[in-house]
Amino acid sequence: MSYSATLDSESAISIYRAPKATFVKRLVQIGCAMFWCLLAAGPIFGFAALKPVLIDQGIYHEKCKAEELTFGKLDEMLQSTMSSKEKDLCPAQDLSLNFMFTLAAVVTNAAALLVGHVLDTYGPRVTGITGAVLLALASLLLRDGDKLPFDGYRYGYSLLALGGPFVFISCFQLANSFPRNSGLVLALLTGAFDTSSALFLFYRLIYQNDIIKNLTLHRFFSFYLVVPAFILICQLTIMPKDSYKTSNTLAKITVEGIDETGIPITIDEASQLLPRETISRRNSIRTIYEEEAENKLVKQTGIFGALHGKTVKQQIFTPWFYLMALFTSVQMLRINFFVATIRAQEQYFFDSKTAAVINQFFDVALPAGGIISIPFIGFFLDNFKTVTVIQLLLGISLLIGILGVIANETCALLGIVLLVVYRPFYYTAVSDFCAKVFGFDTFGTVYGTIICLSGFCNLIQKYLDTLMHDTFQMNPIPVNILLVSITALFGGLLVFFIIGQEKEIKKAQLILEAENADVVDMPN
């Protein structure tokens, strides 16, 4: 496809991208996607807020034996803040509840590769409908978990975790429904995902304050069935059948500001001076805009293009891949371990009143952190070298770990503030790293593989939980020190590797520039 060279750059872009949907329809599509992402994209990460409700309703209480009940040994002040069922919480019940979240965290991350494949193969409508069906099944299992011949709560929570990525990732392509504001749309959708963990916070507040009488799990998930029904109706009516852009294109837009045709999303004055013939040359391998953007990124990041052009197989057998996969896995493990065990950890360090305050602060801070961190994430990724970003991630992670083993309320609150901001920063930095190092052609597969592997590594969380309960008698310090030590090891290896490769890339670039330089005869 080509256009006449008489068209200016703005006209060429607007014609090429002219969407079938009207302006109002595209706005409605984004509004609907944001609404369901708020309710369904990642509610499982609000487990810390949901756990007290599960305990109060006696979920897994049948696993307790009379001689195993542990809360009778706690101080009177702690018991006075608990319901009778919470007082009877035993290690077996606590571990079963925590594993319910652990398994869900594994499923939601391991699903990334599957969801990406379904989206690229069958389109956003099929992906969204699949998510709606999974969410409906999850609601039914969680609603009637006590009446089923199998563990309805565990499998229901896992299906809720599986449905989330389907309905969330199917929205990514909406980022280019407004090409010049794709970054804003992605930020809004990501913010909705981060905020979705507040769903169970609101449920807990309504339940504990009896705002809606007798809002049991059965009633709550009966009401929640409205959400998958809403998603299904939207997918069959208002939402696009085919993607505006693929995940690889979105990565290219986010990192380079260049779409798959080689044209910048926002053309500044300098690029408008470039030859118009380039704009109409859609079938060229690389446009001058791409070369300009990539040369800028090489200088800005220090590692851009390190493995561009390589096959997926070649890429995953390099230290770039497995060092980032190891670092990502241990970060995900640490975050999810804290989400699952924050209640037990704070009760070990503090009295009941302080522990309750810290728990409530975390429940609110987790969804808020994702929103607050959005502008800071963009600033760091756009203005600092990749190795600096990784060093910052490592430093914050180690600081969070140190604060987490100090029995001081201020340290605990500061650690939580850093954690809730760090969580979206780290996820975004990993995707940014993959796009810059591995390239846009293999982005979906490589990034999905890293997140998938990290998800499976979260199964280790069950054994860490058992270790804390049984071996260390509820003392979280040894496990936290172990995780911080592994973080320092893997993170340090990744940083040193990037620094070494950055030097090699710079050296190779200088040699290439020297080879391509014009030969100038020296005057006599």
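A charge is taken to sit over a ring if NZ of Lys or CZ of Arg is within 6 Å of the ring centre and within 35 degrees of the ring normal. Lys 462 meets this description, lying over the face of Phe 99 at 4.7 Å from the ring centre. The charged end of Arg 423 sits over the ring of Phe 45, 4.7 Å from its centre. The structure is a predicted model, in which local features need pLDDT of at least 70 and side-chain atom pairs count only at pLDDT 80 or more, while totals for chains, interfaces and linings use all residues. Residues are numbered from 1 along each chain as its sequence is written, and side-chain values use heavy atoms, with hydrogens and water left out.

The chain contains 24 helices and 0 strands; helices (H or I, at least four residues) and strands (E, at least two) are DSSP runs, numbered from the N terminus. Of its 524 residues, 52% count as buried, where buried means under 20% relative accessible area, exposed over 50% and partly exposed in between (1.4 Å probe, protein chains only). The accessible surface of the chain, calculated by the Shrake-Rupley method with a 1.4 Å probe, comes to about 23700 Å², of which 64% belongs to carbon and sulfur atoms. With contact defined as heavy atoms within 4.5 Å, residues 24 or more positions apart account for 81% of the contacts with a separation of 6 or more.

Helix α7 comprises the 20 residues 124-143. The expected span of a helix is 1.5 Å times one less than its number of residues; for α7 this gives 28 Å, and the end C-alpha atoms are 28 Å apart, which agrees. Among the buried residues of α7 are Pro 124, Gly 128, Gly 131, Leu 134, Leu 135 and Leu 142. The buried residues of this helix pack against α2 (23-40), α6 (91-122), α8 (152-169), α11 (217-224) and α12 (226-237).

A disulfide is a covalent bond between the sulfur atoms of two cysteines, assigned here to a pair of cysteine sulfur atoms within 2.5 Å. A search of the whole structure finds 1 disulfide, which joins Cys 64 to Cys 90 with an S to S distance of 2.1 Å. Cys 64 lies in the loop between α3 (47-56) and α4 (76-80), and Cys 90 in the loop between α5 (84-87) and α6, so that the pair, 26 residues apart, links distant parts of the chain. The torsion about the S-S bond of Cys 64 and Cys 90 is about -90°, and the disulfide is therefore left-handed. Both Cys 64 and Cys 90 are buried. Cys 171 is in no disulfide, the nearest cysteine sulfur being that of Cys 37, 3.9 Å away. Cys 171 counts as buried at 0% relative accessibility, and Cys 411 is buried with a relative accessible area of 19%.

Rings of Phe, Tyr and Trp (its six-membered ring) pair if their centres lie within 6.5 Å; planes under 30 degrees apart count as stacked, over 60 as edge-to-face and the rest as tilted. The whole structure holds 29 aromatic pairs. Trp 320 and Phe 497 form an edge-to-face pair, 5.0 Å centre to centre with 80° between the planes. This pair links distant parts of the chain, with Trp 320 in helix α18 (residues 319-349) and Phe 497 in helix α24 (residues 477-516), 177 residues apart. Trp 320 and Phe 497 are both buried. The rings of Phe 379 and Phe 384, with centres 5.9 Å apart and planes at 75°, are also edge-to-face. Phe 379 is partly exposed at 45% relative accessibility, as is Phe 384 with a relative accessible area of 30%. One aromatic cluster includes Phe 45, Phe 101, Tyr 157, Phe 193 and Tyr 224.
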